[in-house]
Amino acid sequence: MIRLALLLIACLAGGAPSAHEFNARAPVLGVEAREMRRGAEIGIALAQPVPWRVFVEVDPWRLILDTSEVDWTGLDTTAFAAFGPVLSGRIGPGWSRLSVELHGPAHIERAWMTTGDTPRINVLLSDGAGRTGPLVSQGWDHDPEPVETVIRPRQTGDGPLVIALDPGHGGVDPGAERGGATEADMMLRFARELAEVLRREGHTVVLTREGDEFVGLRGRTSIARAAGADLMISLHADAVEGGGAQGATVYTLSSGNGDALAAEIAQRHARSDLLLGVTLPEQGDEIAQILVELARAETAPRASMLADALVTSLAAEGVRLHKRPRLGGRFTVLKAPDIPSVLLELGFMSDPQDLANLTSPEWRARMATAIARGIEAWAEADAVEALRLRR
């Protein structure tokens with residue numbers, strides 16, 4: 001039954017994005033956006049024509065523009081001053097998304113692309129709660145080809161691990177910011193340093209992002225699954241309102257948020273995915289949900305063992321821990337039912353001592369060593385359990 005569940009998960013995963021497959025070739029040349037008495041008009045000039053589609057989403061109301069291989073880094077967001085927050089980023093292999101939050105209900109009257117010296121995507125919006133969902137698809141004949149998904153058998157200690165490291169945030173989502181430093185940059189730097197430590201131990205390591213790019217929360221687990229990961233560690237260093245939080249914390253998936261801190265962090269992590277429109281509903285086919293829960297029932301104890309092993313190793317290495325170093329929360333990035341996954345808060349950028357630690361090469365090296373030792377301890381215990389179950 002567990003194998004059937006894993007096969008179903010592979011099918012449900014569809015295309016598994018790779019951190020290396022996005023190659024933006026069409027920069028944004030300019031943007032015009034203006035509100036009118038009963039609607040709005042938006043025009044986006046590109047360096048070359050691209051496949052695209054546009055539609056409206058609700059809760060909150062926002063305009064979504066999907067494009068193939070567009071580089072949004074040059075986007076002048078001040079052009080959208082009359083609208084709500086604007087986000088853009090990568091949502092899959094070779095595909096990007098622009099999200100513009102609207103002030104209320106709207107529907108698309110007309111959308112078209114003009115070609116010539118400067119190709120331009122034009123969208124005309126009207127007020128009112130109208131239809132939602134895909135409306136226009138110019139040159140978008142089919143979805144990107146799915147990438148084959150590989151389900152890796154549970155390791156039994158007879159080979160190296162495949163470890164997925166997930167540096168949080170990235171691209172249009174910098175995460176916490178303090179003194180000119182961003183959580184996204186710090187976690188990418190630490191993920192690279194930790195990866196080198198783990199590779200020296202003989203493990204294979206995959207990063208869910210290799211540079212400063214946005215990757216959706218569920219896309220991160222897809223990358224880990226495509227690599228055949230034995231485990232995944234999502235790396236963060238948040239800042240919390242009012243301060244007070246300090247030290248390392250390890251989270252596992254739970255049906256609710258363990259405390260106010262978990263709730264605040266989980267909500268912040270989900271915000272960018274929501275506005276970019278890349279979240280997926282929790283509901284689904286009843287049988288599929290049952291099989292997913294069966295897989296999760298086997299994976300959840302392994303994730304808890306991993307979290308406990310990390311906390312024990314961090315404490316043994318003298319790493320500063322949160323007063324409650326083991327917590328649970330509803331983190332989307334931990335919802336892969338077939339991969340033991342944990343979220344590790346290295347510390348909090350809102351705490352001066354934690355921030356100093358995060359910027360210290362010596363401290364980061366000690367943290368990386370502690371994590372590697374925790375993974376080794378978990379791998380040994382997990383392999384023993386796997387062999388016991390086989391017998």
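Let me start with the hairpin, which β8 and β9 form with five residues between them, and in whose turn Gly116 has a positive phi of about 130 degrees; helices (H or I, at least four residues) and strands (E, at least two) are DSSP runs, numbered from the N terminus. What we have on the screen is a predicted model, in which local features need pLDDT of at least 70 and side-chain atom pairs count only at pLDDT 80 or more, while totals for chains, interfaces and linings use all residues. Residues are numbered from 1 along each chain as its sequence is written, and side-chain values use heavy atoms, with hydrogens and water left out.

β8 and β9 pair in the antiparallel sense over eight bridges, where pairing means that DSSP finds at least two bridges between two strands, and Met113 has Ile121 in β9 as its bridge partner. On β9 there is also a link to β2, residues 39-46, again antiparallel and made by seven bridges, with Ile42 facing Val123 as bridge partner. The whole is an open sheet of five strands with mixed pairing, in the order β5-β1-β2-β9-β8, and its edge strands, β5 (70-71) and β8 (106-114), each pair on one side only.

Now to the cores, meaning sets of buried Ala, Val, Leu, Ile, Met, Phe, Trp, Tyr and Cys residues joined through side-chain atoms within 4.5 Å; buried is under 20% relative accessible area, exposed over 50%, and partly exposed in between, with a 1.4 Å probe and protein chains only. The largest nonpolar core has 43 residues, and those touching the most other members are Leu165, Ile233, Leu346, Met367, Ile371 and Ile375. A second, separate core of 30 residues includes Ile42, Trp61, Ala106 and Leu125.

Which residue forms a salt bridge with Asp382? The partner is Arg154, with the closest N and O atoms 2.8 Å apart, a salt bridge being a side-chain nitrogen of Lys or Arg within 4 Å of a carboxyl oxygen of Asp or Glu. This pair links distant parts of the chain, since Asp382 sits in helix α7 and Arg154 in the loop between β10 (133-138) and β11, 228 residues apart. Asp382 is buried at 0% relative accessibility, and Arg154 is buried too, at 19%.

A further salt bridge joins Arg373 to Glu317, with the closest N and O atoms 2.9 Å apart. Arg373 lies in helix α7 and Glu317 in the loop between α5 and β17, so the pair ties together parts that are 56 residues apart in sequence. Here Arg373 is exposed, at 51% relative accessibility, and Glu317 is partly exposed, at 22%.
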